[in-house]
Structures are given as structure tokens and as C-alpha cells.
Amino acid sequence: MTYTIGLLHPGSMGSAIGAQLRARGHLVLWCPDGRSETTRRRAERADLEAEALPELVSRSDVLLSLCPPSAAEETAARVAELGAADAGTIYVEANAVSPSRVQHIADRLAPMPVIDAAVVGSPPVGGKYPTLYLSGLGKQADRIAELFAGTDVRPHVLGDSIGKASALKLAYSSYQKVSRVLAAVAYGAADTYGVADELLEIAARRTRSYLVETDYIPKTAARAWRWGPELEDAAALLADAGLPDSLVRAAAETLTRWDGNRGEHLDISEALEALRLR
């Protein structure tokens, strides 16, 4: 069965996903109003059909919002003002926004059903296979998953609760993106002091992500009392090199929440409870 999908708005990720949907025979609409020439070229390459926003909303079985996070609520508000001609239209909020913002969008669009979604991975081009995580009412989430059957986008339904997909995306982003920033400033500091090659040699000895080593969380809590001061000195090193030190100082401050757990043998849940705000 083929569907009409309104794509809001085709950036690099959106246009690539739109192309995947087109390859499955679905009709994909986009709105060119106010979009750049680069966006127009992307839409043309993906074989998307241009349509004014009111007609796009009224014609679509599914509205897929893939826009900058800062524009997510404004985009939903414009759709809410127009309404949907078909009561069965599903709005897929696939931007990197917090669960509370997704819920606000769902409230704004009611009674139109909203599926919380998150794309993890690179755009589906050149042999890349991003995962589209979905959460929301099962029947509707399954319907969205079916759209991507046979494409390079791998759907994964997390459950009925709105917020799970966005929470997963931002939990991952909080590590992945901040770690990239930290890598840049760490390399910059090593480069300033002429030891960049040696830093890369040390880093190359690791093949796993720290994120999968959850058993190290309690060990971090037990060692926070000495890691904190070390990071304060690391922050001073960055400042001396003319590099931003705020992320490292924030990490040092975070470690102070475990000050009372020096040398303790905690489990993961106990370590996380000590870390949470009270």
C-alpha cells in the first residue's frame, strides 16, 4: 500500500529519507516556501513533489517533521493552525527535542495523533543504514514502521509512551556530541604542547566506547574525589592553551555529587541515585 507523506522540511537527512520513501513508491510532498536553493536542489534530486503548505497538510496521510530542533514547535504550530483534512493523518515528530517538548507538540496538535520519533545514524545514502526509533500508540507506530519496509532506514518501535524515542536520541547525543567537543579541545591542548601524536597513540589503544561500560559508573563514583581535582587541573591546562575549559570544569563539578561516596562499593542504581539532583 502506498501513502502520501508530507515532509517538513527536506534538509540532508530529510531529503535522503524522502528519497527512500519515493523508492518504495510513496508520494512525498515538500513545501518550497522560504526554503533555500540548496534545499530545492535536494528535493529535486530526491524526486519530491512541491506543494504549498495548506495543500501539503490536507493531502498527506503522514506528516514527517525533520527540521532543526529550534523550529520543531513552530512547524507543529503551523500545521495545527491548518488542521488535517483526514482524521487518520499521523504526525511524526522526528526532531532531536526533549520528551517534554514532544508532549507539548502532541498537545498542540490534538486530536491529530503524534508519533515520537528519532533518527540515529547518518543519512541513508552510500550504504548507510540509520535507525528510526518510534514510540507512541502501537497501531500508529507500526503503520509508520511499515512505510520503511525494504528501505535503508531501519524502523524500531520502542513502545506506546511518547517520549521514549526522544529520550533515547538525546541520551545518546549527550554522550556522542559532547565527547566530540571534548576530543577537539583535548587534541588542541596536546597540539599546543607538541604531544598530539602521542595522544593519538594512547587513544588508539581503545577500541570500545566508554558508553557501553556501564559497570564503570560505580567505579567512577568511588574515584570522583580524586578525579575532580585532576579535571580542575585539566581545565587550567586548556585555559592556558587558549581553549574553552567550561566542559571540563562542568565535569569536575558533576563529580562533586559523589564526594560522599569515596571508596564505597555501589551498584549502578545507587551510583546514579547519588548523581541525580535532589
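**Why it's called that: strands, helices and rings**

Reader: What makes both faces of β5 count as covered?

Author: Ile90 and Val92 on one side, and Tyr91 and Glu93 on the other, are all buried. Buried means under 20% relative accessible area, exposed means over 50%, and partly exposed is in between (1.4 Å probe, protein chains only). Strands here are DSSP runs of E with at least two residues, helices are runs of H or I with at least four, and both are numbered from the N terminus.

Reader: Before we go on, what sort of model is this?

Author: A predicted one, where local features need pLDDT of at least 70 and side-chain atom pairs count only at pLDDT 80 or more, while totals for chains, interfaces and linings use all residues. Residues are numbered from 1 along each chain as its sequence is written, and side-chain values use heavy atoms, with hydrogens and water left out.

Reader: How do you know that β5 pairs with β4 and with β6?

Author: Two strands pair if DSSP finds at least two bridges between them. β4 and β5 have four bridges, in the parallel sense, with Leu64 bridged to Val92. β5 and β6 (residues 114-120) have three, again parallel, and Tyr91 stands opposite Val114 there. Both strand pairs therefore meet the rule.

Reader: Why are β3 and β8 said to stand at the edges?

Author: The open sheet has eight strands in the order β3-β2-β1-β4-β5-β6-β7-β8, with mixed pairing. β3 (49-50) and β8 (154-159) each have a single partner strand, so one side of each has no neighbour in the sheet.

Reader: And which strands does helix α4 touch?

Author: Helix α4 (residues 72-82) packs on the sheet against β1, β4 (62-65) and β5 (90-93), and its direction makes about 170 degrees with that of β5. Contact means heavy atoms within 4.5 Å.

Reader: Thr75 lies in α4. Is Thr75 buried or exposed?

Author: Its relative accessible area is 9%, which is under 20%, so Thr75 is buried. Leaving aside neighbours within four places in sequence, Thr75 is in contact with Leu8, His9, Ser65, Cys67 and Tyr91.

Reader: At what angle do α7 and α8 pack?

Author: Helix α7 (residues 164-192) and helix α8 (residues 196-203) meet at about 135 degrees, with their axes 7 Å apart. Under 35 degrees is roughly parallel, over 145 roughly antiparallel, 65 to 115 roughly perpendicular and the rest oblique, so α7 is oblique to α8. Axes are lines fitted to C-alpha atoms, for helices over the stretch in contact, and angles run from 0 to 180 degrees between N-to-C directions. Ala186, Tyr187, Ala190 and Asp191 in α7 meet Ala196, Leu199 and Leu200 in α8.

Reader: How many aromatic pairs are there?

Author: One. The rings of Tyr216 and Trp227 have centres 6.4 Å apart and planes at 20 degrees, so they pair and are stacked. Rings of Phe, Tyr and Trp (its six-membered ring) pair if their centres lie within 6.5 Å, and planes under 30 degrees apart are stacked, over 60 edge-to-face and the rest tilted. Tyr216, at 29%, is partly exposed, and so is Trp227, at 25%.

Reader: How do you know that Arg262 lies over the face of Trp225?

Author: Arg262 is 3.5 Å from the ring centre. The rule wants NZ of Lys or CZ of Arg within 6 Å of the ring centre and within 35 degrees of the ring normal. Arg206 likewise lies over the face of Tyr210, at 3.9 Å.
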